[in-house]
Amino acid sequence: MKQKTIAFELRSSRLLVGAAALAAVFGVTAGVQSAQAQKTVTVVLSEEPEGLDGCNSNRSTVGRVAKQNIVETLTEIDPKDGSITPRLATSWSKINDTTWRFELRKGVKFHDGASLNAETASKAIARTMDSKLDCETRTKSFGDLKLSTKAVGSHTLEISANKPVPILPTRMGVVSLSSPNTSMDKLVLNPIGTGPYVFDKWTPGQEIVLKRFDGYWGKKPVVEGARYIWRSESTVRAAMVKVGEADIAPNIAVQDATDPSMDFSYPNSETTRLRIDVTRPPLNDKRVRLALEYAFDRDALRGSILSKDIEHATQIVVPSINGHNPAIKVRKYDPAEAQKLIAEAKAAGVPVDTEIEIIGRTNIYPNGTEAMEAMMAMFQAAGLKMKLRMMEVGSWLKYLSKPYDENRAPILLQAQHDNNNGDAVFSIFNKYACGGLQSSICDKNLDAMVAKAGTLSGDERRKTWQEVNRVINEDLVADVWMYHMVGYSRVGNRINFTPSISTNSELHLEDMTFK
Amino acid sequence: MAHFLGRRALHSGIALIGLILAVFFLVRLTGDPTALYLPIDASLQTRIEFAKKHGFDRPATEQFLVFLKDVSEGDLGYSLRKQRPAMELVLEAYPTTLALAGVAMTLSIVLAVIVGALAAYRPGGVFDRVGSMASLAGASAPDFWVAITGILVFAVTLRWLPTSGTGDLPYWILPIVVLMLRPFGLMVQVVRASMLGALSSAYVKTARAKGVGETAVIFVHALRNASLSVVTVAGDLTVGLINGAVIVETVFGWPGVGKLMIDSVIQRDFPTVQAAVMVTATAIFLLNILIDLLYVALDPRIRHQ
């Protein structure tokens with residue numbers, strides 16, 4: 001028996017040693033091959049796009065693949081200063097308050113061979129504006145603004161709106177043009193545009209592949225093709241670029257941006273704030289609202305739970321957007337002033353002991369929950385009674401948009417707004433006008449200024465928006481301002497590419513070169 | 001046998017219908033998905049039009065009647081988010097989940113049987129102690145942490161394996177190892193406990209007295225009797241995996257049904273949730289029937305009953 005046991009154990013040991021050796025050999029020989037061919041780039045996104053239709057290219061998940069790569073716009077917004085530059089339109093002029101004339105670029109072909117001209121451009125714009133399709137460009141950027149088009153020459157197009165649009169060229173920077181052969185009845189998964197890259201294939205759950213378009217009207221890009229893959233975890237995306245499995249991870253978390261040679265921070269056009277419900281006591285008292293501003297130690301969050309590269313915000317638009325007012329000052333952290341204001345309000349009969357709810361949204365931005373917890377503690381220290389409720393996006397949306405619950409408590413809503421469309425008009429009305437879907441204030445004077453700004457152009461327009469932003473901050477105190485946020489991208493050592501404010505929603509392959 | 005299978009199929013069918021009913025109404029309790037489909041800045045009018053167009057404004061009972069009519073015509077719904085038929089999405093994702101679950105469970109069972117049996121062969125010995133410790137660690141280690149650490153060590157630092165993605169053998173190693181840890185750890189404990197009882201039983205002593213080799217005593221005589229409990233636990237663990245290995249699918253970018261289902265729930269993509277539940281529930285019912293058949297094969301007493 002003893003001998004049999006020993007023999008069995010020996011056989012077992014040999015088996016285990018053999019298995020271990022096999023595993024070791026396998027581990028050593030299973031070298032990882034880089035997935036990248038010489039002249040193509042691999043981009044690792046945080047999620048798979050829901051679709052790729054050009055009329056949804058304002059959605060960041062779609063835009064990073066399609067916008068200005070596959071489908072192009074008539075005009076383009078310069079991320080540096082918000083100015084408008086030509087793309088498929090070479091020039092434009094105002095005919096009257098509601099109509100603009102665009103001269104289209106000649107010699108431009110769609111990927112399916114159709115020509116870009118006034119007729120095909122008209123059809124593409126009509127498709128985007130058609131309510132039969134759930135196009136995000138229409139639902140997000142146009143609202144009740146209706147466009148109609150008229151070809152007045154082979155490459156001359158007039159676009160009219162149902163109300164004055166002094167910045168129609170800016171608005172056309174969000175309308176991507178798809179081939180006239182694209183279905184007019186349903187969204188497509190294989191977009192056909194005029195861009196420097198052709199949609200090649202989409203393997204659901206795995207990858208999207210683009211190839212360079214040899215018939216492109218513009219300069220031939222260096223990058224011959226692109227492969228888009230997606231990983232939910234920021235750590236994995238960062239690791240993929242680090243080991244050379246991918247060339248760019250346009251969006252990684254701050255805690256993964258640990259390699260200065262590869263990681264770039266960029267202003268991502270997002271502005272964070274707590275929207276104050278000014279209709280509910282004690283928040284209907286300006287002293288209490290000011291107290292919230294003074295009680296918030298903005299420097300405490302920067303560089304600790306939020307990125308060190310974020311900037312203090314004083315208004316809803318970032319500095320590169322037309323209408324940003326640089327003269328508005330950040331309120332300094334002053335807990336004594338906050339306590340004094342609350343005491344004054346209390347003495348005047350304001351019910352400052354009423355519990356105020358902070359409604360937060362989970363995953364709204366990295367460490368968003370921790371930021372709310374910290375702010376709640378600061379407000380409590382100032383003497384206010386606070387309660388924090390973090391919600392998933394579906395529940396949070398009920399608090400964001402009208403109609404609001406009539407029986408709601410006084411609320412501070414954690415919010416983040418993105419505007420890289422060049423002008424404050426895309427932000428202000430919805431957030432601050434009496435008729436704005438997400439507005440918590442209603443001020444007739446402000447409404448008049450907003451309406452006026454919408455009809456102006458040039459310097460007058462800029463100054464009027466700046467005044468609107470001043471009124472919101474200084475006179476109405478409608479928000480607890482937090483930060484203009486930054487994003488982080490990791491760019492591999494093989495390519496030259498500098499992320500910018502537009503990286504949040506677009507990723508131009510034509511701007512990339514190889515080292 | 002046919003009677004048994006027919007009865008199980010009937011029970012499963014009734015349970016499946018009940019489940020679909022429950023899922024249909026429960027997911028709609030989470031609210032109107034309009035707000036999640038449209039951009040945050042969409043106007044109220046746009047929202048109303050969208051809800052009307054896609055029937056989200058109708059009462060749940062009315063939506064259910066439409067659903068029944070569509071199902072009777074073989075249409076299980078269309079994913080507005082993915083712009084594709086919901087069942088197509090699920091059936092595309094499910095093979096990935098099945099492959100992960102199949103490989104992970106097969107390897108877990110084989111390794112757990114070997115390690116558990118050897119540990120029970122000499123209780124308290126070095127192998128037993130090391131095996132028990134390793135299995136307990138495996139059963140308790142958080143998947144997410146192991147997955148990320150595995151990537152940082154084996155892909156980023158050592159560069160032996162790819163970080164993530166699907167492909168040939170190297171792409172399988174990290175996901176499978178992560179997925180195996182818990183089933184392996186639990187099953188080693190179960191095998192060891194069952195084998196301890198079996199190895200001290202009279203029939204094993206008889207087998208040894210008759211001169212049967214130790215390998216045969218352990219892996220033929222004792223293991224067969226100990227395997228009923230292993231099948232039970234392995235069945236439960238497999239059910240968990242074919243429901244979707246969410247962590248592994250998410251971290252390693254494997255497009256399986258677990259991640260699809262979680263994303264669909266968060267985005268209120270009702271047709272995809274319904275199709276995914278229908279497919280996974282069917283798979284689980286089939287698996288349970290398979291486990292029943294295995295019981296019958298392993299234990300003649302069940303057959304006689």
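User: What conventions apply to the numbering and to the model?
Analyst: Residues are numbered from 1 along each chain as its sequence is written, while chains are lettered from A and ligands numbered from 1 in the order in which they are written. The model is predicted: local features need pLDDT of at least 70, side-chain atom pairs count only at pLDDT 80 or more, and totals for chains, interfaces and linings use all residues.

User: How many helices and strands does chain B have?
Analyst: Helices (H or I, at least four residues) and strands (E, at least two) are DSSP runs, numbered from the N terminus. The C-alpha trace of chain B spans about 85 × 60 × 30 Å along its principal axes. By that assignment, chain B has 14 helices and two strands.

User: What percentage of the 305 residues of chain B count as buried?
Analyst: A residue is buried if 20 or more other C-beta atoms lie within 10 Å of its own, exposed if 12 or fewer, and partly exposed in between, with C-beta atoms placed from the backbone. Among the 305 residues of chain B, the buried share is 38%.

User: Leaving aside neighbours within four places in sequence, with which residues is Met187(B) in contact?
Analyst: Two residues are in contact if their C-beta atoms, placed from the backbone, lie within 7 Å. Once the neighbours within four places in sequence are set aside, the contacts of Met187(B) are Ser108(B), Ile109(B), Ala112(B), Gly116(B), Val230(B), Val233(B) and Ala234(B).

User: Which element gives the largest share of the side of domain 1 of chain B that touches domain 2?
Analyst: Chain B is divided into domain 1 (2-58) and domain 2 (86-303), with bounds from an automatic or database domain assignment. Their centres, taken over C-alpha atoms, are separated by 32 Å, and 13 residues of domain 1 are in contact with twelve residues of domain 2. On the domain 1 side, the largest share, ten residues, comes from helix 1 (residues 2-29) of chain B.

User: How do the residues on the side of chain B that touches chain A divide into nonpolar, polar and charged?
Analyst: Here 44 residues of chain B are in contact with 40 residues of chain A. Ala, Val, Leu, Ile, Met, Phe, Trp, Tyr, Cys and Pro count as nonpolar, Asp, Glu, Lys and Arg as charged, and the others, Gly among them, as polar. The side of chain B holds 22 nonpolar, 14 polar and eight charged residues.

User: Why does Gly218(A) count as partly exposed?
Analyst: Gly218(A) lies in the loop between strand 11 (207-212) and strand 12 (225-230) of chain A. Because Gly218(A) has 14 C-beta neighbours inside 10 Å, its class is partly exposed.

User: How many bridges join strand 7 of chain A to strand 8?
Analyst: Two strands pair if DSSP finds at least two bridges between them. A hairpin through two residues joins strand 7 to strand 8 of chain A, and Gly153(A) stands opposite Thr156(A) in strand 8. Strand 7 (residues 147-153) and strand 8 run antiparallel, and the bridges joining them number six.
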